[in-house]
Amino acid sequence: MTTWQAVSNSEIARPILPFLIKPYLQLGAGASFKSENYLELIWHLHKHHDSLAVEVKYRDSNQWQSMPIVESEKLKIHGIKKHYRYRAIMADMRFGKAAIYRILWRGYTVFSAEFRTPKGRGVPLRFAVVGDLADGGSAVKQVAHRLYNEHPDICIIAGDVTYKHGRVSEYLKHFFPVLNCDANDAEIGAPLMRSIPTAVAWGNHDVSIPKGDRDRSDERRCDLFGIDLFFRQPQNGPSVNLKRALLLDGDNKKYKKIPKSIGDDFLRRSNYFFQMGNAHFQVIDGNAYMNWENPELRLWLSQSLSQADCDWKFVVVHPPPFNIDKKYWCEQRIRLLSSIFEQHGVDVVFSGHSHMYARTHPLRFGAHAGKDGRFVQPDGQVKGSMIVDHTFKSGGRAPKGPIYVITGAGGKALGDDHSPDLHNVPNFMAQVEIENRSITVCQIDGKNFHLRQITSQGEEIDTLALSK
C-alpha cells in the first residue's frame, strides 16, 4: 500500500552517501507493462545504510509517493571490495508521465533524477537500439551523449555491453562512469541509465570465460557475468531441460561455468519479452551454447510471439542471422529462427556483434538439414532457401518478410579482419555503413514505424519507414 505526503521544505541539506554505482532504472523482473506500470531502481553503496526511502513525484503534482525498498544484499565478488546492492520497486505508476524519483536517508534527499514512466498501449513510443559498447575508448562517450539527446523511452543494448569479458570490474571502469555519469557531455558521457530504462541482450563478450577463471572456486562470486548482476529484466524466459537446451561440448565447454555461477534458471533471464506502447519486444540469447534446434526453446519463442497483442513485433539478438562481416560470415545459427519470425509477423530483428551498421531487404529463409540431419554445420553455416523482397520501397506496401538490422557500431571499432568487401555486397543487403559510430532510433506512432540510423555526431545515415 502506498502513502502520500506533501513536499518537504527540508531539502536544503543534502548528505553524501558512498555510492559505488549511482541509481539507475531497470525494467524489473516482474515487468509486463500491459495492465500495470512497474520499474525497478538499483544502486550500489560501499557501506550498508539503514533508514533509506524511495519516493516518486509526477512533474504536475506536489505529492510524493513512497516506494518500497525490497532488497539489500551484501556482494562478495572476487577482486572487488565488499559492497551492498539496493533495489526498490517503483510500481502503481501512471503510464507515460514525466516524473522525479528521489532517495532519502533519514528524511534527507541524497539523490534525485527525472524520468518518464513507461508508455501504455496505443501511445507513441520512441526507442533506441545499439550494441557493442563500452570498451574504454572515447567513442562510447559520444554514443552515450547521442543516445541521451535522442530522448528514447527505452534503450536496448544488443549485446556485448562492456569489454572484454563482461567483468564486474569492467562495468565499474568502462560502463557506469560513462552511461550513468552526472553530466551530459560528449567528452564524458551522459546520465542515461538513471533516467531511461535499459534492456540488454546477452552477447558473447558478456559471458566469455577466460581460461584462468574456468576452474576458480572460492567463497566469493567470480568477477564475471556482470550482465546478470547489474541488469534486472523480466524473468519470463523458457523453463526447459538444460541438458537438451544447451550445447556444452567441444568449443562450448568453456560455458559450463555459467549455470554453476549464476544458476540453472539463467535462461529465464537471458531470454525474455515485454510490451511497451504498441510494440512487443522479444529478446533472445543467441550465444553458441544455445541449442535453437531444441523443440522446447522453439515452442517458447513461438508462443511468446503468437500471444503478443501488439501491431509491432521486434526481436533483439546479439549475433545477426544475415551478416557481411568477413570474420563472422559463417556464424549463421540464428537463421534457424527465421521461419518463426516470419510465421508470427516479426517486423524487424535487431542485432549487434559486427561493429557496423547494416540493413537487409525484407527476406524469408527456410533452413535445410545437412547430410548428418543437423541444420547447423560444423563451420556454423546454415544452408537453406532465401527469398529477398527487392521491390520493397521504404514507406510503401508492407514488406514480404522481416527486415534484419545490424547496429553494432556503438563504440568498439571494426577491425580489419572483419571489414566486408563493399564491392561484393550480397544481394540480400540493402544498406551498409562501416565508418561511423552510430545508433538506431525508432519511432512508433499507431500503424507507422520510422527508423533512423544516426551517427554519434548527429548525422543521419539511413532511414526506413513501415506502415500497417
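Modeller: Gladly, and please keep in mind that this is a predicted model.

Biologist: How far is the sulfur of Cys-181 from the closest cysteine sulfur?

Modeller: The closest cysteine sulfur belongs to Cys-155 and lies 14 Å away from that of Cys-181, which is too far for a bond, given that a disulfide needs the two sulfur atoms within 2.5 Å.

Biologist: And Cys-310, buried or exposed?

Modeller: Cys-310 counts as buried, with a relative accessibility of 10%. The closest cysteine sulfur to that of Cys-310 is in Cys-442, at 15 Å, so this pair is also too far apart for a bond.

Biologist: How many disulfides does the structure hold, then?

Modeller: The count is zero disulfides in the structure.

Biologist: Changing topic, which residues touch the most other members of the largest nonpolar core?

Modeller: Those are Phe-175 and Phe-341, in a core that has 81 residues. Helix 2, which spans residues 168-179, contributes the largest share of this core, with six residues. Apart from that core there is another one of 33 residues, and Met-276, Phe-281, Phe-314 and Leu-451 are among them.

Biologist: What does Phe-341 touch?

Modeller: Leaving aside residues up to four places away in sequence, Phe-341 touches Ile-284, Leu-301, Leu-305, Val-315, Val-346, Val-349, Pro-402 and Tyr-404.

Biologist: I also noticed Asp-462; where does it lie?

Modeller: Asp-462 lies in strand 24, which covers residues 460-467, and Asp-462 is buried, with a relative accessible area of 7%.

Biologist: Which side chain does the side chain of Asp-462 make a polar contact with?

Modeller: That partner is the side chain of Tyr-357, at 2.5 Å. Beyond four places in sequence, the residues that Asp-462 touches are Tyr-357, Arg-359, Gln-431, Leu-451, Arg-452 and Gln-453, and Leu-451 was also named as a member of the 33-residue core.

Biologist: Stepping back, what does the secondary structure of the chain come to?

Modeller: The chain has 10 helices and 24 strands. Its radius of gyration is 22 Å, close to the 23 Å that the globule rule gives for 468 residues, so the chain is as compact as a globular protein of that length.

Biologist: And how much of the chain do buried residues make up?

Modeller: Buried residues account for 57% of the 468 residues, while the chain exposes about 18,900 Å², of which carbon and sulfur atoms supply 47%.

How values were computed
Residues numbered from 1 in each chain as written. Predicted model: local features only at pLDDT ≥ 70, side-chain atom pairs only at ≥ 80, totals over all residues. Heavy atoms only, no water. Buried < 20%, exposed > 50% of the residue type's maximum accessible area, 1.4 Å probe, protein only. Core = buried A, V, L, I, M, F, W, Y, C linked by side-chain atoms within 4.5 Å. Helix = DSSP H or I, 4+ residues; strand = E, 2+ residues; numbered from the N terminus. Contact = heavy atoms within 4.5 Å. Rg over C-alpha atoms; globule rule 2.2 N^0.38 Å. Areas by Shrake-Rupley, 256 points an atom, 1.4 Å probe, with all protein chains shown as cover. Polar contact = N/O pair within 3.5 Å; in protein donor to acceptor, adjacent residues only side chain to side chain.
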